[in-house]
Amino acid sequence: MRLLHTMLRVGNLERSIEFYTELLGMKLLRTSENSEYQYTLAFLGYGEEDTHTVLELTYNWDKDSYDMGTAYGHIAIGADDIYAVCEELERRGADVYRKPGPVKGGSTVIAFVRDPDGYAVELIQE
């Protein structure tokens, strides 16, 4: 078995695709639309679905926001230069709410940014 994807519900599909592709460097792999049930799916990632875990964005046509639950934490993305990535994210208006630095009690360098819907994305220095 392998992990296939993580799904996030988004309020504006185009805005979310732009964030994950233009700011975080993912590729839009495919989209599909279901007019009967009024939703659109977009799959994004750093590699093809047959070999990589990807992100599924679900846009329900009648919904533009969601309540954040307390159980969900974040997705994590590895970065070659976390400081440069965070600088570019901030330059482009993203909310880097935890600046790059060592994790409490450890040496791994991490940062956190919010996507357009408020989901947390952890960046980890590789």
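Six salt bridges turn up in this predicted model, where a salt bridge is a side-chain nitrogen of Lys or Arg within 4 Å of a carboxyl oxygen of Asp or Glu. Here are three of them.

| Pair | Closest N to O distance |
|---|---|
| Glu 49 and Arg 30 | 2.7 Å |
| Glu 90 and Lys 99 | 2.2 Å |

Let's take the Arg 15 pair. Arg 15 sits in helix H1 and Asp 117 in the loop between strands E7 (109-114) and E8 (120-125), so this bridge ties together parts that are 102 residues apart in sequence. Helices (H or I, at least four residues) and strands (E, at least two) are DSSP runs, numbered from the N terminus.

How hidden are these two? Asp 117 has 17% relative accessibility and is buried, while Arg 15, at 36%, is partly exposed. Buried means under 20% relative accessible area, exposed over 50%, and partly exposed in between (1.4 Å probe, protein chains only).

Now for H1 itself, which covers residues 13-23. Its buried residues include Leu 13, Ile 17, Tyr 20 and Leu 23. In general, an α-helix has 3.6 residues a turn, so residues three or four places apart point the same way. Just after H1, Gly 25 takes a positive phi of about 75°.

A few ground rules: residues are numbered from 1 along each chain as its sequence is written, and side-chain values use heavy atoms, leaving out hydrogens and water. Because the model is predicted, local features need pLDDT of at least 70 and side-chain atom pairs count only at pLDDT 80 or more, while totals for chains, interfaces and linings use all residues.
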